[in-house]
Amino acid sequence: MTMKSLLSGVSLALLLGCAGTAAQAQIPIGHLADYSGGTSDVGTPYGQAVADTFAWVNKNGGVGGKQLKIDTNDYGYQVPRAIALYKKWSGSEKVAAIMGWGTADTEALTGFLAQDKIPDISASYAAALTDPEGASGKAKPAPYNFFYGPSYSDAMRAMLIWAAEDWKAKGKSGKPKFAHMGANHPYPNAPKAAGEALAAELGFEVLPPLVFALTPGDYSAQCLSLKSSGANYAYLGNTAASNVSVLKACKTAAKTAGDAANGVIFPLRTAVAWGGNAPGMKTVMEISKMSDPTGKVYRPVHYIAAVCSAMYLKEALDWAVKNGGATGENVAKGFYQKKDWVPAGMEGVCNPSTWTEKDHRGTLKVDLYRSKISGSTDGDLNDLMTKGTIKLEKVKAVELPRKPEWFGW
Amino acid sequence: MNTQFLIQLLVNGLVVGTLYGVVAMSFVLIYKATQVVNFAQGELLLIGAWVCWALLARYEVPFWMGMPLTLVFMFVFGIAIQIVILRPMIGEPIISVIMVTIGLSTVFQASLKWIFGVNPQPFPRVFTSQSVSLLGLQIQTVYAMSLVVSVAMMIGMAWFFRASKYGLAMRATAFNQQVAQSLGISVKSVFAIAWAISATVSAVAGVVVAVVNGVSSGLSAYGIKVFPAAILGGLDSIGGAVLGGIIIGLLENIAQYIDSEYLHFV
Amino acid sequence: MATPSLIPAGDFRTSYAADTTIFPSSASRNAAIVGALLICFAPLVFTEYWLSILIQIGIFAIAALGLNILVGFTGQISIGHAAFFLFGAFTSAYISNNLPIPVFFAIPLAGVVTALIGLIFGVPAARLKGLYLVIATLAAQYILLDFFSRADWFSGGSVPASANPFSIFGYTFRGDRQYFYVVLGYLLVSYLLVTNLMRTRDGRALVAIRDHYLSAEIMGINLTKYRTLSFGLAAFFAGIAGALYAHYQLVVSNEGFGIERSILFLAMIIIGGTGSIMGTLMGTAFVVLLPESMEWISASLRGSAIDKALSLNTNITFLREIAIGLIIIAFLMFEPDGLAHRWRQIKTYWKLYPFSH
């Protein structure tokens, strides 16, 4: 016990020392990351990208001459820890904004954010976060929640529209069957209601949803259920690790040739993937060099989406600093300033987004890509991408209409 | 009644159940011999799986050599755990020992995530053919292998306890430690060997699961499923633990069947 | 039982009543009162961050106290405590949201409802011993957790339920500085109640069951009744603590209260010393401060030479988890009787100084 109190005393002294030397001309930003919890497989590249982007911003002059002070914390996808961190960030040294992460904690923090006026740019794209005034009647007011990209519900709607067209294009008649698969958790459940409603509208037969956990494991039973119910299209709502487990198990159950993820459709948050043909890709590569000097590491789609989110925050901060200082309120106003907004240097990568006081749906354009796998996927991701064993090909860009009936859920 | 579906599920349940049975067997082994409730059983599976994966994927060792190396490593590892952590805890109340094994499971999980990363890794291909046709049902080769391996291990354990000298010594210690000690059996070595065997057998189960599903931290869930299996089968019976495991495997899949076919009130 | 602390010269009892006082000497009583008064000034002195830690310690100390009644004083085992904690949280949120009962009454009511649930699980558990009891409580944990994630009407399903802030007679307590007093109040009352329980007939019955249940039964103590009662009490305090937590966070969610939290509760009482009330508080403080101090160390290590040498960066979380696990194991191996015992040893050393042996 003596050793422990000695250690904590030393650490406290160190911490106080560090805090004391922190310069006044710095803008504090909170950053929630999941490097070790249930969504760490996608949390790690996203968090890395946020850290890289802000390091790049600081290297190139910061925001309005001030450096950004990013407080990155791995909260392991546990809501109580996120709330404790939030209390730290809304205390005496209030942050100007928070780069949030998961659905469960972002939804839990909505009320606090509105009360303390701190904007949260989350990696949770739940539609319940898009209604700033609660006007839709389907979500509680979330005036300080923002995210870049289409919401889960809108992405699911776009995929369903594609699926309906695909069914007709293949010349099949009758009602296609659709099933939602995901864990019993806010993140996969977010688009379930919206998706099933649109599916019914488009003429799908909606099958009962299947549940499988967020952790990777043995899901052959769920696959057998899926097969026996005869579903034609299934929406896998979990993160990469568990989705891959399901795909592998289902591949065996369905006896298809080729590797498990071949032919899977997924929405891309940005207009292009890594290495794609766009002027903005140069900026992204520069940012990537902040943590990968060789420039050879393949950055997954989440990395690029995170760069876009962080760059939007940076430009909102730019506006805030020029118009009254970097407080949470001004940063939120900064988000409303431009229409069809693409951050400088990110042309062709980030989709043009518009946020207004009444509607926080930034963009309704969903880029659907298909993964094409032409060989075995055992091996390093970098090699597979460079050799072309895994290819992402664009299928369709669906621009959803900004319907008020689809607002907030 | 969707019979085709049900039969597939039952086969699946049987395969998974024998794996549960094997893990439950190693759990009961430790409990019977040393009276320790091992909450870190799932992590032993995980360690075995990761070590084998590292040997095969990183060091390019062929499977027929990597597997025995893993087993030797786990044998030594089991003895090491018993000597370093559990021997000082002999005589402490059961709750403290449970806490120690729980602490061990935390340490193992975090260390493995550190060394091998959080992403699940596919296991390098071991078999040339993907599935085998048996009685008109498609079973993955790996599942068939796991059935064979599990049954072989159960037979091996049964023989060990019935016929070999060390097995007899372990049964004697499990029955009455003091009398066994008075007859010259080294209770300390019996404890160490019990842990070593349990670790090795769990590692085999871990590798089998890894070959099917890839290596990931989800393997430690097997450590929790061990409890109902052991309770169903009876804590003092190794054969019972096997039976308990099979029942749990079948029950899981039957529940999935009932859930998907009948239980939808929406 | 551990070594009884030496009574200083001149401190002898002449009546039975004097023998059963809560504080063994007037010095310790005064120290406790002064300590409680000093703590009342904490919100004026500490920052928000430290206050939130103190509030967490307070809330978990109440829950750990319940668990200590069950594990330390009655000799049972339970690894389902976190589920009762969550149950209290959801109940209190549900009551204050849906029924016209103010939060002030919702918290004790939630405690009572949780106690009832604890009694329901206690009835079968009272007949089990050893590993079977462990599994039964493990089952309770999973059953309750599953219930929370499926029962949308009760817990909001997978979206976190929201709870109202605490208010008395229309004055709403906002912020940690004010909520601190609520938690402090409940903490002091709970600890006094349990200390009192231990010197009554029922408390002695519980201790008798722990020490030698066969003799206890022979002496006429109804084992089933007291074991079930013990479960109920543990659940009651867990429920109160959970309700306090709900109105503190203003949001209740399933996350973070699975089996790991139950294990942490167990760690709190084992590190503090099973069977010791002051030990519960010390153990809780230790377990709450342990991950925080690891955070400080890792934050100070970030970017430094050691970080680059071991290439830690994002792996710092795992280092923290490993350190926590190792410290718990080390504690159990080298200090099995807990912090309370170590504190008694320190006091004895100073009492006998310089003649200690």
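**Exercise 1. Two helices in chain B**

At roughly what angle do the axes of helix α2 and helix α9 of chain B cross, and within what distance do they come? Then work out how to describe the pair and which residues make the contact.

*Solution.* Keep in mind that this is a predicted model.

- Step 1: Find the helices. In chain B, α2 covers residues 41-58 and α9 covers residues 221-233.
- Step 2: Look at the geometry. The two axes come within 6 Å and cross at roughly 140°.
- Step 3: Name the arrangement. An angle has to be over 145 degrees to count as roughly antiparallel, so α2(B) and α9(B) end up as oblique to each other. The crossing of α2(B) past α9(B) is right-handed.
- Step 4: Pick out the contact. On the α2(B) side you'll find Gln41(B), Gly42(B), Glu43(B) and Leu45(B). Helix α9(B) brings Ala221(B), Tyr222(B), Gly223(B), Ile224(B) and Val226(B).
- Step 5: Five are nonpolar, three are polar and one is charged.

**Exercise 2. The overall build of chain B**

Describe the layout of chain B, and check its radius of gyration against that of a compact globule.

*Solution.* 

- Step 1: Count the elements. Chain B has ten helices and two strands.
- Step 2: Get the dimensions. The C-alpha trace of chain B spans about 60 × 40 × 40 Å along its principal axes.
- Step 3: Do the check. A compact globule of 266 residues would have a radius of gyration near 18 Å, and chain B comes out at 19 Å, so the two agree.
- Step 4: Look inside. Of the 266 residues in chain B, 52% count as buried. Take the contacts between residues at least 6 apart in sequence: 76% of them join residues at least 24 apart.

**Exercise 3. A glycine in chain C**

Which residues does Gly258(C) touch, leaving aside those up to four places away in sequence?

*Solution.* 

- Step 1: Chain C has 17 helices and four strands, and 47% of its 357 residues count as buried.
- Step 2: Gly258(C) is in the loop between β4 (251-252) and α13 (259-272) of chain C. It is partly exposed, with 16 other C-beta atoms within 10 Å.
- Step 3: List the partners. Gly258(C) touches Ala82(C) and Leu145(C).
- Step 4: Compare sequence with space. Gly258(C) and Gln141(C) are 117 residues apart in sequence, yet their C-alpha atoms are 7.6 Å apart.

**Exercise 4. A quick look at chain A**

How many helices and strands are there in chain A, and what share of its residues is buried?

*Solution.* Chain A has 13 helices and twelve strands. Buried residues make up 52% of its 409 residues.

Note on methods:
Residues are numbered from 1 along each chain as its sequence is written. Chains are lettered from A and ligands numbered from 1 in the order in which they are written. This is a predicted model: local features need pLDDT of at least 70, side-chain atom pairs count only at pLDDT 80 or more; totals for chains, interfaces and linings use all residues. Axes are lines fitted to C-alpha atoms, for helices over the stretch in contact, and angles run from 0 to 180 degrees between N-to-C directions. Angles under 35 degrees count as roughly parallel, over 145 as roughly antiparallel, 65 to 115 as roughly perpendicular and the rest as oblique. A crossing is left-handed if the near helix is turned anticlockwise from the far one by less than a right angle, and right-handed if clockwise. Two residues are in contact if their C-beta atoms, placed from the backbone, lie within 7 Å. Ala, Val, Leu, Ile, Met, Phe, Trp, Tyr, Cys and Pro count as nonpolar, Asp, Glu, Lys and Arg as charged, and the others, Gly among them, as polar. A residue is buried if 20 or more other C-beta atoms lie within 10 Å of its own, exposed if 12 or fewer, and partly exposed in between; C-beta atoms are placed from the backbone. The radius of gyration is taken over C-alpha atoms; the globule rule is 2.2 Å times the number of residues to the power 0.38.
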